[in-house]
Amino acid sequence: MTEPLSILNIGGHPKDAILYAGGTMARHVERGDRVTILSATTGMSHHLQAIDDYRDSGDLPDIDALIAERKQELINAAAELGVTDVRYLGHDDQVVLPNAQMVNDIADVIGEIQPNIIVTHWPYDTVAAHALATQMTLLAIEAASTIRPGSPYAPTGGDTGGESAQLFYHVQLGRTNVLEQLNLRVPNTIIDITSTFLKKSAAMNQFKSQHYGEDSLQQRKLGEAIDGGMSAIHSRVTYAESFIAHNPEVYEFLPLSDYRRNLTNRSPEEQEKSRMQMLLVD
Ligand SMILES: [Zn+2]
C-alpha cells in the first residue's frame with residue numbers, strides 16, 4: 001500500500017464532519033489512513049435539546065456543562081468511526097465574520113498534521129457557520145503554507161511549491177433555499193459508504209443533543225434520504241457520500257477507478273439489489 005494519507009475533516013458545527021463525511025472517514029481509517037476531525041465551534045446555538053428544555057422550563061442552562069457535553073458527543077461519535085484525533089476548538093458558533101483567532105487555530109492544526117486532504121463545507125452554504133468554516137479553512141491553508149514555507153503541504157496551486165494537497169467540499173445543502181442553488185453543487189467524487197454506513201449511524205446516534213439517538217427517526221431519514229439519495233442510486237450503490245474536489249486532480253492518464261469498473265461489471269441483478277437495499281429496515 002502507498003503511504004497512509006493524512007486527512008483533516010472540518011465541520012462548522014460539531015456533528016457536521018460526521019454527518020457529511022463520516023462514512024468516508026471510517027473507510028479511510030479502515031485502510032490505515034490518519035483522520036483528524038475538527039469542529040471550529042462549540043455548536044451551542046444548535047443545542048436543540050437545551051433549547052427545548054429552556055423553552056419548557058424557563059431555566060437558563062449551565063453553558064459550560066453543555067459545551068463539555070457537545071465536545072464529548074463529538075469524541076464519542078468519532079470513536080465509532082475509529083477516529084481518535086478530535087480537535088474541538090471551542091469558538092462561539094454565532095460568528096458573523098472570519099475570525100483571526102479561529103483561522104490561526106485551524107492553521108496550527110494544518111501545520112501540525114500536514115493533511116494531504118482537507119474536507120469541509122461548500123463555500124456558498126447559507127448556514128453561516130458552514131460557509132465561514134470554509135472561508136476560514138481557505139485562509140488557514142494560506143496561513144499554514146506561509147508560516148511553514150518548507151511544508152510538504154501547499155495550498156491550491158499557490159506559489160509556495162511543494163506537493164499539492166486536495167480539498168473536498170461536501171455536497172449536501174445546508175438549507176433548502178434559492179441562494180444555495182445559485183452555485184451549482186454537482187458532485188464529482190462519490191464514495192461508496194455502504195460498508196461503513198452502520199458505523200456512521202452509530203456515530204450519529206452519539207449526537208443526542210441534536211435529537212439523534214438509538215431509535216431516532218432522524219437517523220433513519222439520514223440514511224435513506226441523504227446517504228441513500230440520488231448520488232448513491234445513480235452510482236448503483238446503497239449508500240454514498242458526495243463531494244466536489246476543489247482542485248482538478250492530476251493523473252498520467254484519463255482516470256477510471258478500478259472501483260467503478262468493478263461496479264459496472266456487476267450483473268444487472270446485483271446492481272438492482274444495491275440500489276434497492278436498505279440497511280435501516282425495521
Ligand atoms: Zn452545521
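**Close-up views of a predicted model**

**View 1. Methionine 44 in its loop.** Methionine 44 sits in the loop between S2 and helix H2 (48-57). Helices (H or I, at least four residues) and strands (E, at least two) are DSSP runs, numbered from the N terminus. The structure is a predicted model, in which local features need pLDDT of at least 70 and side-chain atom pairs count only at pLDDT 80 or more, while totals for chains, interfaces and linings use all residues. Residues are numbered from 1 along each chain as its sequence is written, and side-chain values use heavy atoms, with hydrogens and water left out. Is methionine 44 buried or exposed? Methionine 44 is buried, because its relative accessible area is 15%; buried means under 20% relative accessible area, exposed over 50%, and partly exposed in between (1.4 Å probe, protein chains only). Not counting residues up to four places away in sequence, methionine 44 touches Ile63, Leu66, Ile67, Arg70 and Asp93, where contact means heavy atoms within 4.5 Å. Methionine 44 and isoleucine 67 are 23 residues apart in sequence, yet 6.7 Å apart in space, C-alpha to C-alpha.

**View 2. Arginine 87 in strand S3.** Have a look at strand S3 (residues 85-91), where arginine 87 lies. Arginine 87 has a relative accessible area of 17%, so it counts as buried. Its side chain makes a polar contact with the side chain of aspartate 85 (2.6 Å). A polar contact is a pair of N or O atoms within 3.5 Å; within protein, one must be able to donate a hydrogen and the other to accept it, and residues adjacent in sequence count only if both atoms are side-chain atoms. Leaving out residues up to four places away in sequence, arginine 87 also touches Thr36, Ile37, Leu38, Ser39, Val109, Glu112 and Ile113.

**View 3. Glycine 82 between H3 and S3.** Glycine 82 is found in the loop between H3 and S3. Glycine 82 counts as partly exposed because its relative accessibility is 39%. Glycine 82 and glutamate 30 are 52 residues apart in sequence and 7.9 Å apart in space, C-alpha to C-alpha.

**View 4. The largest nonpolar core.** In soluble globular proteins, nonpolar side chains tend to be buried together. The largest nonpolar core here has 26 residues, and those with the most contacts inside it are Ile18, Ile37, Leu81, Val119, Met204 and Phe207. A nonpolar core is a set of buried Ala, Val, Leu, Ile, Met, Phe, Trp, Tyr and Cys residues joined through side-chain atoms within 4.5 Å. Two or more residues of this core come from each of H1, strand S2 (34-41), helix H3 (63-80), S4, helix H6 (197-204) and S7. Which element gives the most to this core? That is H1, with 7 residues. Apart from this core lies another, of 23 residues, among them Val103, Ile118, Ala144 and Leu167.

**View 5. Valine 119 and its contacts.** Setting aside neighbours within four places in sequence, valine 119 is in contact with Ile7, Leu8, Asn9, Ile10, Ala21, Met25, Phe168, His170 and Phe243.

**View 6. The largest pocket.** The largest pocket has a volume of about 1,700 Å³. Of the 45 residues that line this pocket, Phe168, Thr189, Ile190, Ile191 and Ser257 are the closest to its centre. On a 1 Å grid over the protein atoms alone, a pocket is an open set of points with protein on both sides within 12 Å along at least five of seven lines, a cavity is a set of points where a 1.4 Å probe fits but cannot get out, and lining residues have an atom within 4 Å of a point. Grid points are joined across faces, edges and corners, and a volume is the space filled by probe spheres set on the points. H1 supplies the largest share of the lining of the largest pocket, 6 residues. By class, this lining has 20 nonpolar, 15 polar and 10 charged residues.

**View 7. The second largest pocket.** This pocket holds about 390 Å³ of space. Its lining has 20 residues, of which Lys15, Leu19, Tyr20, Gly174 and Tyr212 lie nearest its centre. The largest share of the lining of the second largest pocket, 4 residues, comes from H7.

**View 8. The largest cavity.** The largest cavity has a volume of about 60 Å³. Leu19, Tyr20, Val171, Gln172, Ile226, Asp227, Ala240, Glu241 and Ser242 line this cavity. S7 gives the largest share of that lining, 3 residues.

Note on methods:
Nonpolar A, V, L, I, M, F, W, Y, C, P; charged D, E, K, R; others polar.
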